[in-house]
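User: Please examine the model below and answer a series of questions on it.

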Amino acid sequence: MTLLTTSPAASPETSPTPPAARRGPADLLREVVRRPSAGVVGLLVLICAVMAFLAPSFLTYGNWYNLAQQMVFVALLAIGMTIVLITGGIDLSVGSVLGLSAGVMAYLVNQGMMFGLCLLLAVGTGAGLGLINGLVITKLGIPDFVATLAMLGVASGLLFLWTGGVPFTGFMIPVYDTLGGVTPLAGDLTAPILAMVAIAVIAAFMMRRTSFGRHAYGVGSNREAARLSGVDVARVRIAAYVISGTLAACAGVLLAGRTTAVAPTIGVGYEIQAIAAAVIGGAALAGGRGRILGAVLGALTLTVASNVINLAAVSPTWQSVVVGVILLVAVGLDRASTHLSRRLGGPAPSP
Amino acid sequence: MSVSPLSRRLSRVFAVEGVAVAVIFVGMIVFFSLASPFFLTGGNISNLLIESVIIALLAAGMTFVLVVGGIDLSVGSVTGLSAATTMWALMSGAPLPVGLLIGIGTGVLAGVVNGAVIALLGVNDFIVTLAMLSVGAGLLQVVTSNVQLTGVESEAFLWLAGGDVLGVPAPVLIAVVVVAVLEFVLIATPFGRSAYAAGIGPRAAELAGVPVRRVRFGVYVLSGACAGGAGVLLASKLNSVQSGLASGYELTAIAAAVLGGISLAGGRGSVWRAVLGALFLGTLSQGLQMLGVDPLWFTIVTGLSIVAAVALDRVVGRIALSRLLGADPSTPAGPSDGPADPGGPTADAALENDDPRLDQPLAGSAREARTS
């Protein structure tokens with residue numbers, strides 16, 4: 001929670017601290033509302049409060065342990081997506097890149113290749129596809145939406161061709177059981193959860209404390225100004241797509257370990273969930289805004305939403321209706337908190 | 001630097017977005033007709049047009065949204081849901097006009113919700129329409145899991161997608177009329193002009209008295225209505241509606257619009273360009289089918305050709321423009337002396353930024369302007 005309480009240092013327009021003469025309740029409310037993640041945290045608390053009444057099993061350790069296991073994949077994709085969104089781009093290919101990387105992993109393990117090498121090649125596939133996205137967008141000048149949409153078609157098509165419609169199976173060697181979280185590392189701690197936490201911490205550090213992070217926010221807020229102040233805009237944008245591809249591949253490797261099979265349709269539709277999680281977490285599609293912790297919370301919100309449907313015994317056919325409505329409420333809350341902080345006066349949060 | 005009049009004229013033509021794509025389109029038709037003797041037969045062409053009608057309708061509606069600088073991701077699932085409500089109404093014994101009204105009304109209703117939340121509450125368009133995608137697909141699933149939607153026996157309903165008038169397929173005729181009306185609305189009515197103004201600069205348009213919110217609301221309703229119409233045609237064509245129908249059509253429609261040279265940053269585009277893009281994609285998949293290419297390759301080839309076409313269009317346009325500017329900097333590609341360009345404001349936008357195609361960051365800043 002320390003990430004939540006520090007001001008966005010990497011953001012180009014750091015809001016000046018308000019004069020702390022007398023701190024009344026309005027000041028406190030303003031402080032809370034102005035946090036970039038206020039909307040999503042409010043929504044989570046709301047859902048949890050409702051669920052605690054509806055389903056007694058919701059607030060149990062076992063259920064939250066399951067939630068943590070389920071949210072890993074969307075969380076990893078959402079972290080990558082947030083970085084791309086911060087630079088002002090969008091990556092529609094993450095779901096299909098996830099699938100193709102998972103396919104590479106499963107295939108190579110089945111070929112009996114050394115496990116570490118398989119891992120490296122699978123993650124490398126994701127990084128490579130991300131690099132292609134970045135190059136096509138910056139060097140050929142193709143709109144990001146179109147370029148990554150094309151990559152979605154190409155990568156998912158390749159996986160379909162390669163598998164011939166038959167899922168890859170039989171790759172679950174003991175090491176993979178550990179990596180996929182089938183066997184825990186120690187106690188209840190599993191590798192996917194550990195990986196998610198580690199990656200989130202590294203990404204948050206990178207976006208706040210390194211020059212890459214500062215440049216990314218700069219490129220997203222005002223590309224021309226960033227270029228004039230000497231930032232290599234193309235390189236920052238390419239790096240964002242490479243990171244997004246790499247994280248998609250990591251999610252793919254972990255997802256293959258969890259499902260113990262790589263179906264040709266693995267990862268389909270994940271890009272939408274990743275974008276939704278990032279936006280629920282406060283990332284703006286216009287660029288220059290977004291937080292890693294927000295992305296993780298956004299992923300948690302989506303996972304809790306589908307959990308709600310299971311626990312409240314709603315027919316699963318209603319699932320996407322409920323997810324859509326929750327998405328709308330989340331953005332509405334974000335809007336409301338911005339309005340509220342403006343009404344309460346003081347400088348607005350960084351755009 | 002002197003440039004011959006011919007190359008100057010050529011440069012001027014190719015400086016217009018989408019022209020290079022049109023040339024590739026013609027090349028593709030020539031290639032496919034050489035490769036397969038059946039490609040240029042009447043039956044195949046009418047098949048191809050029928051296949052393209054649904055995407056063309058969606059892309060035409062999407063054009064309005066893109067011109068205003070928005071995006072509508074919900075059109076695919078709304079198409080599916082409209083198909084379902086039409087089928088449901090007709091199977092419950094409603095007369096045909098009522099069934100059609102219910103189908104199109106479903107689309108309009110979705111558009112009204114989209115438009116109200118986006119324009120009146122000011123929530124981000126991408127997220128709102130994404131949520132509507134989710135809701136629409138979910139409702140389709142709920143409807144289809146409760147009722148079996150198949151086998152309407154109304155001749156008149158099936159005629160919509162299967163009949164013909166003097167040899168011209170009915171759906172093509174319907175699409176031509178709709179597209180012509182939409183093109184007229186976009187380029188010749190105050191609503192259309194306001195749409196361009198709102199897309200180029202919302203704040204400036206607002207100050208100039210353009211009802212930006214109303215226009216923004218209107219384009220989503222229009223896009224929803226197009227999706228409703230597409231849903232009715234799709235239901236008539238398949239005479240059966242399953243869960244997941246038309247999912248992913250939104251991306252194809254956007255791809256078609258972009259292929260036609262419509263900018264996602266807003267302020268530019270016209271309906272015929274989007275239809276050209278839809279025909280491009282339809283021809284590609286029909287041609288590949290005729291050549292006996294494994295359908296598994298379709299998504300790959302489509303993805304690659306979209307990138308190739310857009311990249312080529314950009315490169316050719318950039319070269320043409322720089323030659324024009326090099327030849328005579330005082331006359332950039334403008335509306336008065338340029339080639340006939342129905343998207344008049346497109347050229348106006350070009351004048352305003354004097355060189356939009358060389359100016360990559362423009363897209364980013366325009367997106368910022370509309371969302372902030």
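User: In which helix is A:Asn133 found?

Analyst: This is a predicted model, in which local features need pLDDT of at least 70 and side-chain atom pairs count only at pLDDT 80 or more, while totals for chains, interfaces and linings use all residues. Residues are numbered from 1 along each chain as its sequence is written, chains are lettered from A in the order in which they are written, and side-chain values use heavy atoms, with hydrogens and water left out. Helices are DSSP runs (H or I, at least four residues) and strands are runs of E (at least two), numbered from the N terminus. On that basis, A:Asn133 belongs to residues 115-139 of chain A, helix α6.

User: Is A:Asn133 buried or exposed?

Analyst: The classes rest on relative accessible area with a 1.4 Å probe and protein chains only: buried is under 20%, exposed is over 50%, and partly exposed lies in between. The relative accessible area of A:Asn133 is 2%. A:Asn133 is therefore buried.

User: With the side chain of which residue does the side chain of A:Asn133 make a polar contact?

Analyst: Contact means heavy atoms within 4.5 Å. Leaving aside residues up to four places away in sequence, A:Asn133 touches A:Asp91, A:Ser93, A:Ala147, A:Thr148, A:Met151 and A:Tyr241. A polar contact is a pair of N or O atoms within 3.5 Å; within protein, one must be able to donate a hydrogen and the other to accept it, and residues adjacent in sequence count only if both atoms are side-chain atoms. At 3.1 Å, the side-chain partner of A:Asn133 is A:Ser93.

User: What kind of aromatic pair do A:Tyr61 and A:Tyr65 form?

Analyst: Rings of Phe, Tyr and Trp (its six-membered ring) pair if their centres lie within 6.5 Å; planes under 30 degrees apart count as stacked, over 60 as edge-to-face and the rest as tilted. The structure holds 11 aromatic pairs over all chains. For A:Tyr61 and A:Tyr65, the centres are 6.0 Å apart and the planes make an angle of 20°, so the pair is stacked.

User: Why are A:Tyr61 and A:Tyr65 separated by about one helical turn?

Analyst: A:Tyr61 is exposed at a relative accessible area of 57%, whereas A:Tyr65 is partly exposed at 21%. Both residues lie in helix α4 (residues 61-86) of chain A. They are about one helical turn apart because their spacing in this helix is 4 residues.

User: How many residues apart in sequence are the parts that the pair of A:Tyr107 and A:Trp162 ties together?

Analyst: The pair is tilted, with 5.0 Å centre to centre and 55° between the planes. A:Tyr107 lies in helix α5 (residues 94-110) and A:Trp162 in helix α7, both of chain A, so the pair joins parts separated in sequence by 55 residues.

User: Which element gives the largest share of the side of chain A that touches chain B?

Analyst: The contact takes 43 residues from chain A and 44 residues from chain B. The residues on the chain A side divide into 28 nonpolar (Ala, Val, Leu, Ile, Met, Phe, Trp, Tyr, Cys and Pro), 4 charged (Asp, Glu, Lys and Arg) and 11 polar (the others, Gly among them). Elements giving two or more residues to this side include α7 (144-163) and α15 (319-343) of chain A. The largest share, 13 residues, comes from α7(A).
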